[in-house]
Amino acid sequence: MSQNTIKITQKGDFSRTFSFLKQIQKIPSTKIIEKYGKLGVKALSSATPKDTGLTARSWYYRIEQTRTSITLSFCNSNVNNGVPIAVVIQYGHGTRNGGWVEGFDYINPAIQPIFIKLTEELWKEVTG
């Protein structure tokens, strides 16, 4: 064998790795996703600053499922002149006279604990 030769040997197989990967590729039950969709809407509604309360009441969730994935989206239907009010509250907005109304981060603190719990429960589901 010359000095420029690299020799690689392998023993065993990847059956345990393939078994694990096959197990976690299972799409979890939508019941778990629905549970956290409802909890997320409740958390967002509670955390939304209330003037009229319309934005707080306008939260809903949507589940989209394909053959290989599930997506949980949180949406707010309160739109005024094409402007999503939940986003305006979150990030702020300009005023007619050139001023600025500072945003208030209420979405992230409300939804983060929901995502953490959802992730934990889904991990238990896919790993058995």
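Start by selecting Asn-78, which counts as buried because its relative accessibility is 12%, below the 20% cut-off. The model on screen is a predicted one. Asn-78 sits in the loop that runs between E2 and strand E3 (79-80). Next, display the surroundings of Asn-78. Leaving out residues up to four places away in sequence, Asn-78 touches Leu-54, Thr-55, Ser-58, Val-83, Pro-84 and Ile-85.

Now move to the largest nonpolar core, which has 16 residues. Select Leu-44, Trp-59, Phe-74 and Leu-118, the members that touch the most other members. Then colour helix H2 (30-47), strand E2 (70-76) and helix H5 (107-127), each of which supplies at least two residues of this core. H5 gives the largest share, with six residues.

Centre the view on Phe-74. Which residues is Phe-74 in contact with, leaving aside neighbours within four places in sequence? The contacts of Phe-74 are Tyr-36, Gly-37, Gly-40, Val-41, Leu-44, Tyr-60, Tyr-61, Ile-111 and Phe-115.

The last stop is the aromatic pairs, of which the count is two. Select Phe-104 and Tyr-106: their ring centres are 6.4 Å apart and their planes lie at 5°, so this pair is stacked.

Conventions. Residues are numbered from 1 along each chain as its sequence is written. This is a predicted model: local features need pLDDT of at least 70, side-chain atom pairs count only at pLDDT 80 or more; totals for chains, interfaces and linings use all residues. Side-chain values use heavy atoms; hydrogens and water are left out. A nonpolar core is a set of buried Ala, Val, Leu, Ile, Met, Phe, Trp, Tyr and Cys residues joined through side-chain atoms within 4.5 Å. Buried means under 20% relative accessible area, exposed over 50%, partly exposed in between (1.4 Å probe, protein chains only). Helices (H or I, at least four residues) and strands (E, at least two) are DSSP runs, numbered from the N terminus. Contact means heavy atoms within 4.5 Å. Rings of Phe, Tyr and Trp (its six-membered ring) pair if their centres lie within 6.5 Å; planes under 30 degrees apart count as stacked, over 60 as edge-to-face and the rest as tilted.
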